[in-house]
Amino acid sequence: LHLAQAIFGVQNVTLSEFTHGPASQMEILLHGQPASKIFDVDSQLKAGQGLEDSRTTLASLPQGRSQISSASSSTEVSVILQEDDNLYKVLVGSDTSPVLFGWWPTSAKWTADELAERTTRCLPAVRPGHDLVALPQLPEVEELYGCWSKQHGLADWQAIWFAPRLESDTEESDHWKNPPEAACQEVFQKIPGDINMANLCFYPMYLVPGIKAIAESHGTQVLGDEAKHRLGALSSAKSWLHPHINLEKRGPSLRECGLECSGARGPRGYVASSTEELLHAFRTLQAEMPCGTRFVLKPSWASGGDGIIIDVTEEHLKDFVFPAEDGCTAILEELIEGLSELQSPTLYMIGSESCGALADQLLSSGGVVNDGNRWPSALPETMAQTCLAAARAVQKVWCLSSQWGLDFVIDRDGVPIIVDLNMGRPNGNFAVRLWESTFCQHLFMHTSSWLVPPGLKAKTLYMLLAEADLLWKAEALQGILIYQFLPGQVSSFVVASAASWAVVDKQLAKFKVMISNLEQIESSPKL
């Protein structure tokens with residue numbers, strides 16, 4: 001009854017009326033399924049139901065964790081955190097300075113969906129009673145923060161609420177003309193008066209000149225690397241993996257950084273700024289590479305697999321359209337032929353230091369779509385060290401001060417190939433890694449996302465997780481974290497345990513059953 005009221009607004013009906021009778025409302029809702037079975041997760045698991053996956057993958061990784069960075073033993077060991085593992089100390093230089101997280105988009109036009117998704121990415125990183133977080137005054141974000149703060153002990157004063165300034169708004173004042181800077185001004189004006197501004201560190205999602213100037217005018221330290229780097233825009237850092245096909249536009253690239261000494265390498269390829277240059281790059285690579293080599297096209301301005309074309313042909317290239325903005329490039333490179341089961345580790349860095357364990361990416365659609373990460377990696381410790389050496393070779397050139405990352409693919413010879421550089425904003429799971437570093441030991445972590453049914457409420461999901469004994473419990477060091485909840489949108493979650501991968505996978509399977517049931521309810525006729 002609670003569930004139906006919360007999701008569909010059913011009111012003024014008793015539980016008996018709802019669940020009993022020859023044609024009860026619950027039976028109608030569930031197409032005949034008994035009410036007692038609606039969230040009987042264990043019985044459905046025993047029957048093999050609800051295990052089909054639409055986005056996440058139950059990876060069949062080898063069990064074991066004998067090192068912080070890898071899992072290469074048949075015995076799983078909980079690793080105690082050392083002082084150097086506190087990522088706040090690595091990021092800020094201190095584990096006592098409070099951080100103001102302001103992860104809003106940098107675009108001039110904001111939509112509610114984008115604004116809610118970006119700003120809530122940082123929630124796991126906000127330490128109870130310590131840090132601040134800037135959030136938009138959107139109903140779904142307010143409800144999520146209410147649930148999250150209650151579960152994790154955050155106080156009301158830790159959230160600084162700002163006007164959304166959406167593109168759809170009709171406001172014409174100067175207050176609305178530059179949403180990122182206007183929001184920044186508003187947030188700093190609302191910081192509680194007892195906060196020591198000289199001790200506060202501001203961490204924006206994108207460090208652009210206007211945002212930096214506003215923060216520094218209030219006397220705060222600013223974290224991050226500036227969007228415009230001497231080697232090019234950080235958002236297009238993947239272009240640095242290759243030389244430009246046009247000699248007149250060619251600058252430094254990965255080929256000159258001595259990467260091979262690490263045991264890793266970059267893919268063979270070229271950068272192009274026009275369709276004509278792409279065709280030139282295609283013919284050049286065909287001449288340089290062994291017969292039968294396949295190629296992949298990657299727009300340097302895209303992320304998360306958007307716009308990637310695998311097995312690209314000349315016809316694809318002829319039809320490819322560059323954006324009207326200046327400086328847009330695309331990458332044409334060899335398609336790395338991996339092992340039968342694609343292995344794609346990812347490494348998070350803060351400057352030249354590794355940001356926690358090497359992780360395994362969960363890829364689908366032929367390796368184009370990233371469905372999440374699992375760490376520590378199932379790959380051997382030697383692979384983790386090779387990836388770290390490669391990252392440090394890259395860092396010697398870029399000299400970044402804040403968080404960045406690299407993605408690899410293991411080729412058929414077992415060599416890690418750098419296929420992407422993630423710079424210019426906090427990487428997708430960074431807030432979760434910060435959160436993990438506050439505990440006494442490392443956790444087995446599975447991060448992914450799911451499509452939230454449009455009618456579902458955050459408080460309803462939290463209630464269901466708690467009743468199923470799946471909600472995160474700090475005292476047990478295991479459970480599910482719902483740090484994004486955007487109805488009708490793909491939203492992130494975490495399954496974590498200090499015990500073992502087996503515990504993580506069991507909780508994940510139960511959560512998938514719950515998701516399946518919620519989807520069934522959403523698709524049922526409304527009462």
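Me: Which residues of H7 are buried?
Reply: Val 141, Leu 144, Tyr 145, Cys 147, Trp 148, Ser 149 and His 152. Buried means under 20% relative accessible area (1.4 Å probe, protein chains only). The model is predicted: local features need pLDDT of at least 70, side-chain atom pairs count only at 80 or more, and totals for chains, interfaces and linings use all residues. Residues are numbered from 1 along each chain as its sequence is written, and side-chain values use heavy atoms, without hydrogens or water.

Me: What covers the buried residues of H7?
Reply: The cover includes helices H6 (112-120) and H14 (458-467). Strands S2 (132-136), S3 (159-162) and S19 (478-481) are also among the covering elements. Helices (H or I, at least four residues) and strands (E, at least two) are DSSP runs.

Me: Why is H8 called roughly parallel to H9?
Reply: H8 (residues 179-189) and H9 (residues 209-217) pack at about 15 degrees, axes 9 Å apart. Roughly parallel means under 35 degrees, so H8 is roughly parallel to H9.

Me: What makes the contact of H8 with H9?
Reply: H8 gives Pro 180, Glu 181, Cys 184, Gln 185 and Phe 188; H9 gives Gly 210, Ile 211, Ile 214 and Ala 215. Contact means heavy atoms within 4.5 Å.

Notes: Axes fitted to C-alpha atoms, helices over the stretch in contact; angles between N-to-C directions. Parallel < 35°, antiparallel > 145°, perpendicular 65-115°, else oblique. Buried < 20%, exposed > 50% of the residue type's maximum accessible area, 1.4 Å probe, protein only.
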